[in-house]
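The following exercises concern one protein chain and are to be worked with its sequence and structure at hand. Each task is followed by a solution in steps.

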Amino acid sequence: MTDEKPVIYSVTEIVQTARALLENKLGQVLVQGEISKFTLSAAGHMYFTLKDQKCVLDCAFFRGANQGLAFKPESGLQVVAGGVLTLYEAQGKFQLNVRLLEPKGLGGLQLAFEQLKKKLMEEGLFEESRKKPIPPFPHKIALITSPIGAAIQDFMKILETRVGIDEVELFPVRVQGAEAPAEITAAIEEVSKLQRHDVLVVTRGGGSLEDLAAFNDEGVVRALANCSIPTISAVGHEVDFSLCDFVADRREPTPTAAASHIAPGIDETQAQLDSLRHRLQEAWDSLLSNKRRDLEEMANSLKERRPDRLLDQARQDLDMNMENLSEALQRKLKDRQLQLDHLASFISRFTPLQLIKPLRERLKGLEAGLTAYHPHAPLKRGYAIVKRKDTGKILRSSKDAGKGDRLIIELQKGSLESQVVSSKDVETNQESLF
């Protein structure tokens, strides 16, 4: 039996020893799993867990290491994380300090492309309804591309065969690399503010997803979507698609196609002019033929109608109508004269007094009748008219007024005002006191 005392460690010593053993034993590791419980701190640090069917592993992806990350980590994403296994001493927690992160089965750039595409689509930036029409004959073009790339050479070569273009202003930028997005964004915003171009063309030649990354940058894409003038995106080859293609007012598969479609060519314009000239001549010939036919039909119609014959017929009709009118007037006058003669003969049978006496007697009878029915006639015989003072209604029954009501009594000469003290019902012959 030994007399040695057991060594007693502090918590810090144990944790630090375990951390050193863990880091020295395993070193750098690659771990595959599904992201869960992803959070992003205000300082830019990322915290999440990697899990499989049985276990979970805490992970920390600090800001200094995650700055170059092309895609946005999110819960549910299968990834491969590389880093150092260690212990977080303050909590004694086993974790992986991540140094690199890649989506499993899909490159980081492709994932970033799909994530941003979905985000912009949900915002409605790809909707056709918000896109501006490209003018058919632009005179001033703003071109954003590299001044030394093949894209500008192809574009300008084709543009020489186009008509109506007065000016192409180049805004030189880098089209790949870390500085490219900022330069392209600044150029787009400058063109938008200048307001002196008819159309803006953003272009570059083909390349890998990494080569075209600048045209999938969110800042570049939003600047193109917000541009105040019509925009054309011609990035890469026909099979290449960038996010700029989706937000631009028109997408062209190549720089050459953009130059070909931005304005009509000389041969194309000449063919259109020849076609228009031919159609105009046909329309003119047809119009002349129709007018000539109308004139001939009008001349034939005038020959058949003979204006002089029409005038002779009109004169004859006028004479006949005048004669008929005169005869009708004569008959009307003759009838009126006969009626007057009959009336005069009838009146001559009576003297004025014979006519007036019956009328006078009739008038006296009417006057007597009117006098008898005049409302004030009873007043002359000693009767009175009683009315309610408040309404002016004539009373015909004792029931039409109650105790306290004010009454107006009209006499032959003057009127009196009184107040009801009591009333008597004629039918019951009973006095009613209110």
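A pocket is, on a 1 Å grid over the protein atoms alone, an open set of points where a 1.4 Å probe fits, with protein on both sides within 12 Å along at least five of seven lines; lining residues have an atom within 4 Å of a point. A volume is the space filled by probe spheres set on the points.

The model is predicted: local features need pLDDT of at least 70, side-chain atom pairs count only at pLDDT 80 or more, and totals for chains, interfaces and linings use all residues. Residues are numbered from 1 along each chain as its sequence is written, and side-chain values use heavy atoms, without hydrogens and water.

**Exercise 1.** Describe the largest pocket and its lining.

Step 1. The volume of the largest pocket is about 980 Å³. Its lining has 31 residues, and L69, A70, F71, K72 and A112 lie closest to the centre.

Step 2. With seven residues, α3 contributes the most to this lining.

**Exercise 2.** Determine whether E252 is buried or exposed, and identify its surroundings.

Step 1. E252 counts as buried because its relative accessibility is 5% (buried means under 20% relative accessible area, exposed over 50%, with a 1.4 Å probe and protein chains only).

Step 2. Leaving aside residues up to four places away in sequence, E252 touches I232, S233, A234, V235, A257, A258 and H261 (contact means heavy atoms within 4.5 Å).

**Exercise 3.** State the share of buried residues in the chain.

Step 1. Of the 434 residues in the protein chain, 29% are buried.

Definitions and conventions
Helix = DSSP H or I, 4+ residues; strand = E, 2+ residues; numbered from the N terminus.
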